[in-house]
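Subject: The structure I promised you

Hi,

Here is the structure we talked about, and below it is a short tour of what turned up. Have it open while you read.

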Amino acid sequence: MIKKLEKILMPLAEAIGRNKYLMSIRDGFLISTPLLIAGSIFLVIANFPIPAWTNWLKSFVVNANTGETLASFIEKPSGATFTIMAVFAIIGIAYSFAKQLKTNAIFGAAVAIMSWFLIMPYSVTGKVNGVEVNITGIPTGWVGAKGIFVGIICAFLSVHIYAYVEKKGWTIKMPPGVPPTVVQSFAALIPATVVMTVFFVINLIFGFLGTNVFTIIFEFLQTPLLNIGDTLGAMVTAYIFLHLFWFFGINGGSVVGAVFNPILQTLSAENLEFFKTGIGEGNIICQQFQDLFATFGGAGSTLSLVIAMLFFCKSKRVKELGKLSLVPGIFGINEPIIFGLPIVLNPVMFVPFILVPTINIVISYFAMSGGLVPICSGINIPWTTPVIISGLLATNWVGALLQAILLVIGVFIYMPFIKMMDKQYLQDEANAEKEKDDDFSFDDISFDD
């Protein structure tokens with residue numbers, strides 16, 4: 001089985017590994033990995049599933065003048081990473097792509113982030129004295145996961161234009177003796193101006209059309225999801241789209257959730273009313289079904305993957321990443337795995353990444369529709385609540401047992417795929433160790449004999 005999968009997937013992985021665009025995306029996302037790991041620690045602390053703890057954080061006032069609580073301060077590290085993760089991704093992608101095109105990497109990153117902000121709509125909706133108004137400002141939604149796809153386009157297009165102008169020789173050349181940093185700065189002036197002009201024109205055209213690039217692309221991604229309802233087929237379809245987006249580095253939860261979550265929340269409210277009054281019918285598909293039974297440890301149900309990494313893998317790279325990702329994964333945070341393994345643009349992990357959540361959804365749905373497991377009560381249980389505990393709170397001990405069974409099934413589905421990667425990493429580590437041993441140094445020569 002593993003050999004057959006290797007024959008199919010490894011050539012595809014090698015082809016992707018040689019593609020400069022996909023390599024740039026892969027390497028670019030790695031810049032955010034240590035930041036996301038650090039931010040996830042604070043995210044767990046801020047959302048630890050003990051009501052007494054979260055209530056205390058919200059009641060402990062730090063700044064009496066502004067009313068800011070300890071909870072808001074603890075959330076800031078995650079806000080400085082997850083909320084603006086698109087900024088880090090764009091800088092990393094553009095920097096890597098500029099190296100691929102053999103142009104100045106730091107200026108490539110600079111023009112990419114400039115281009116992205118240039119076409120961004122500076123409009124934030126807020127309330128003043130209870131009246132909804134539009135305020136000029138940078139929307140946090142666009143600098144987060146929702147803005148990554150536009151950012152990737154900006155990174156590639158801006159760096160391409162910059163490199164083209166530079167290679168044409170349309171640069172300001174300084175006389176000999178001028179410091180190198182000054183030479184590089186003036187050499188970047190004309191290419192950067194051309195990039196700025198191109199994106200200014202793009203923004204102007206969309207302005208005449210009464211819209212902006214961000215809205216058009218985001219709505220285009222949402223279009224296939226507009227007719228999704230509350231059936232098993234809808235849930236499976238939504239999660240296939242969600243994981244496809246994640247595979248390409250886009251936060252699928254944000255894209256799919258913008259359309260699907262209002263439906264799920266309404267169904268949860270109906271469940272809560274049903275359990276209170278007994279009037280009507282309960283819904284199998286609801287917010288708690290999605291949060292607590294579709295995935296464990298984040299998108300792709302990667303808690304199963306982390307367990308497989310720890311128990312069945314031998315390479316240092318996989319084992320260490322598994323150890324780092326275990327605690328965040330228990331609380332539903334898996335960016336370290338998504339971008340650190342990586343899952344993004346990794347054809348070896350594509351199949352189990354989509355298959356495991358789909359199996360979880362189908363088995364859970366039929367277990368509930370057949371009366372083996374109670375449907376979710378509609379009580380709002382935090383998504384950070386660990387597996388088994390969350391199943392117990394949402395249904396009863398049978399729901400917790402179902403979660404445990406699904407978690408184990410996921411481990412065995414992920415196992416052959418991660419072992420393929422582990423085998424390659426072991427070979428890489430062995431080669432690196434051999435090269436280290438083969439290095440010749442005059443310090444190794446002894447004249448004592």
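Let's start with what the record says. UniProt, in an unreviewed entry, places the feature "transmembrane region" at residues 28-50, 79-98, 105-124, 144-165, 236-260, 292-312, 324-344 and 400-418. Its positions are given in the numbering used here, feature names are shortened, and annotations may be inferred rather than shown by experiment.

Two things to keep in mind. This is a predicted model, where local features need pLDDT of at least 70, side-chain atom pairs count only at pLDDT 80 or more, and totals for chains, interfaces and linings use all residues. Residues are numbered from 1 along each chain as its sequence is written, and side-chain values use heavy atoms, with hydrogens and water left out.

Now for two of those spans. Residues 400-418 are 100% helix and 0% strand, with end C-alpha atoms 26 Å apart. Residues 324-344 are 62% helix and 0% strand, and there the end C-alpha atoms lie 18 Å apart. (Helices, H or I of at least four residues, and strands, E of at least two, are DSSP runs numbered from the N terminus.)

Next, the inside. The largest nonpolar core has 108 residues, and those with the most contacts inside it are Trp116, Leu305, Leu341, Met349 and Ile418. H21 gives the largest share, 12 residues. The core also draws at least three residues from each of domain 1 (20-124 + 134-225) and domain 2 (230-429); these bounds come from an automatic or database domain assignment. A nonpolar core here is a set of buried Ala, Val, Leu, Ile, Met, Phe, Trp, Tyr and Cys residues joined through side-chain atoms within 4.5 Å. Buried means under 20% relative accessible area, exposed over 50%, and partly exposed in between (1.4 Å probe, protein chains only).

Ile418 is worth a click: leaving aside neighbours within four places in sequence, Ile418 is in contact (heavy atoms within 4.5 Å) with Leu305, Ala308, Met309, Cys313, Val318, Leu341 and Met349. Of these, Cys313 counts as buried at 5% relative accessibility.

How many disulfides are there? The count is 0, taking a disulfide as a pair of cysteine sulfur atoms within 2.5 Å. For Cys286, the nearest cysteine sulfur is that of Cys376, 4.5 Å away. Cys286 is buried, at 0% relative accessible area.

Last stop: Glu429, in helix H21 (residues 397-438). Glu429 is partly exposed, at 26%, and touches Ser315, Lys316 and Arg317, not counting residues up to four places away in sequence.

Cheers
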